[in-house]
Amino acid sequence: MNPHQQAAKPLFSYRKYWAECYGPAPFLPMSRAEMDQLGWDSCDIIIVTGDAYVDHPSFGMAVIGRTLEAQGFRVGIISQPDWRSKEAFQTLGKPNLFFGVAAGNMDSMINRYTADRKLRHDDAYSPNDEGGKRPDRAVTVYSQRCKEAFKGVPVIIGSIEASLRRIAHYDYWSDKVRRSVLMDSKADLLVYGNAERAIIEIAHRIANGEDAYQIQDIRGTAFVRKRVPDGWTVIDSSTVDSPGKVTPHLNPYQVSDTGGSKDCDKAKQNDVQTVTIIDPLSARKNKLNRDTSVIRLPAYEKVKNDPVLYAHASRVLHLETNPGNARALVQKHGEREVWLNPPPIPLETDEMDGVFDLPYQRVPHPSYGNAKIPAFDMIKNSVNIMRGCFGGCTFCSITEHEGRIIQSRSKASILQEIENIRDKSPGFTGVISDLGGPTANMWRLNCKSKKIEQNCRRLSCVYPNICKSLDTDQMPLVDLYRDARELPGIKKILIASGLRYDLAIETPEYVKELVTHHVGGYLKIAPEHTEGGPLSKMMKPGMGSYDRFKKLFEKYSKEAGKKQYLIPYFIAAHPGTTDEDMMNLALWLKRNKFRADQVQAFYPSPMASATAMYYSERNPLKKVGRNTERVVTPRGLRHRRLHKAFLRYHDADNWPMLREALKKMGRADLIGTGKKHLIPPHQPRSWVPPKGQPMQTQHTGLPPRADGSRLKRKKPVNKSNSRRNSANTARRRK
């Protein structure tokens, strides 16, 4: 069966596996003792995760585990195992069907390292915030250990780490292009995105006796195969050259009119080519059947050495993410082919409700005792109301993982979860900390036309402007907020998810409702920048939308009699950002009296469009060629730190670097003590340079002398006390 031809089978319509008779477990077991208490002799599926096991719908291992349990499978959890040997992966015994491997809710490298590649010593997804509980590139390491623990047991990899590494990808931490995680992990299958559809189908088919390695027709999966199957048409997009006339290859068994041997005739009959190769232009003209056509990306060996081809591959990948029209993709890795089936069909509202209504305990596993898990403490009283994001911000990985189509829960399901929190969460104070998701205000916002949605090729529904086909009415969300506030025992509902303010201003009543009832004094929003150059590379709206939202925010705050403040977030060192852009942003911050305590530098996560810009210095938002637009990219550590310093222009530690930069830019006029100046000409008297930064003198700004000494300022002599000081000195000498 071809993945394009599959109708989306309802999530909970499968015939349940025989082990359903055991019923749901209080917690998915993490030990043999727990299995014994449940009466299990074995697990059907074992999920290995890099996070602490929290039985809550905001944690991936709980969602997938409970979803599989609802299908009748016995699911065990191995959480944060010691990856240095295989013994920890044998804790629950051999799974009957397969291992499911996940790095956790975060990519293990982003979890472990800062944007400056510095090692973190904490981990919000571990007990007591303890760092070092998972390996680097956890999906690869865990998969290899599972293969060692029980040979022959299939390994299915997933989570955001696998999703973002499903093809050859730039790896910021090693500063090179790495192979698909499928190649390094040796996994049998990769599931990408929110994988409920794929993992349920895989589990039932393996339970029915199918070989995991042969399951190759499920949407939202990737796998390795030897060659393109017979009967397929390959659209060759492995080059950026403009297509010309395609000359067919000569048939090596073609014989001349003078005749040939019988052996040649027999070889000719047996060598009929069943795979057609055409160029992208011909594919558009001929309107190929998407069910039997695949796009060939530039091979791993090409993109690792050619940044232009890497940018081109990134562009093709992102254009093939709409489940309604995406084709399969294939990328050669040596002698093997990494094959990506089209994205999964989004869940319907009743399916979303079914996933979130499963019997979660909403607390960490009892084995952690009184240990604090910071990520759980942050979200324990929050409610996820939707998935997906159609914003398309190039630096963000949500779209690559969850897709652009919004998947919303019903109001009834959301209100029921709020009541469950009220009735079952220990220590609940009546405050819901968030009612949101990837974005606060996209609930139930979808394309007005299913036909248009299925054929759309836009990378964003809101950039460069809001699509006319997008339903932007946020009154249903206003009604949800009002109904939630009316629930008994609920004192306040906060909105902490990121707000898309360019959408919010389309429904002023929504802004009024938000500002009047759901802001706890401060509202964080993310303009990301003020200048058009970087904003165009981020696919973010201009400051006009911010200004309009700010006026509404201040108006409704005043009407409500509340003093509330907007806290804007900005990104430093994003591709497309010049030093002048950062200087102008710093001036905007000073004019508006903003002083950022924490600043964010661009973090090149795998597969993001902005990461392709960072690596290739090309713009994959447009057609990529050898002579197309170059993207200015702050790459070196010092350059990135300079851009961060502009965001914290008020920090004296940054003034020496900023003075030097402003002078080089010809903007020494911004150095002074007036209102129009950005930074003062001197360091404060009490200033002590940060560790590792050269000491500089107070008044000249010059570096220390060669011998390491500094010019010392003489202390003023108090003449009125000079005689007394002399007398005291004489007494001490005696």
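Hi everyone, let me start with I345, which is partly exposed at a relative accessible area of 26%. On that scale, buried means under 20% relative accessible area, exposed means over 50%, and partly exposed is in between, with a 1.4 Å probe and protein chains only. Before I go on, this is a predicted model: local features need pLDDT of at least 70, side-chain atom pairs count only at pLDDT 80 or more, and totals for chains, interfaces and linings use all residues. Residues are numbered from 1 along each chain as its sequence is written, and side-chain values use heavy atoms, with hydrogens and water left out.

Back to I345, then. You will find I345 in the loop between β13 (336–340) and α12 (349–356); helices (H or I, at least four residues) and strands (E, at least two) are DSSP runs, numbered from the N terminus. Leaving aside residues up to four places away in sequence, I345 touches A8, R197, R219 and P323, where contact means heavy atoms within 4.5 Å.

Now the rings. The structure holds 24 aromatic pairs. Rings of Phe, Tyr and Trp (its six-membered ring) pair if their centres lie within 6.5 Å; planes under 30 degrees apart are stacked, over 60 edge-to-face, and the rest tilted. Why is the pair of Y546 and W588 edge-to-face? Their planes stand at 70°, with centres 5.7 Å apart, so the pair gets that label. Y546 lies in helix α21 (residues 543–559) and W588 in helix α22 (residues 579–591), so the pair ties together parts 42 residues apart in sequence. Both Y546 and W588 are buried.

Ring pairs also link Y170, Y172, W173, Y310, F602, Y603, Y614 and Y615 into a cluster. Over the face of Y172 lies R117, at 3.9 Å from the ring centre; the rule here is NZ of Lys or CZ of Arg within 6 Å of the ring centre and within 35 degrees of the ring normal. R225 lies over the face of W339, at 4.5 Å from the ring centre.

Two members of that cluster, Y614 and Y615, are among the buried residues of α23. In helix α23 (residues 609–616), 8 of the 8 residues are buried, so the helix is largely enclosed by the rest of the structure. Just after α23, E617 takes a positive phi of about 60°.

Last, the cysteines. With a disulfide taken as a pair of cysteine sulfur atoms within 2.5 Å, the count comes to 0. C393 is in no disulfide, and its nearest cysteine sulfur, that of C389, is 6.2 Å away. C393 counts as buried at 14% relative accessibility.
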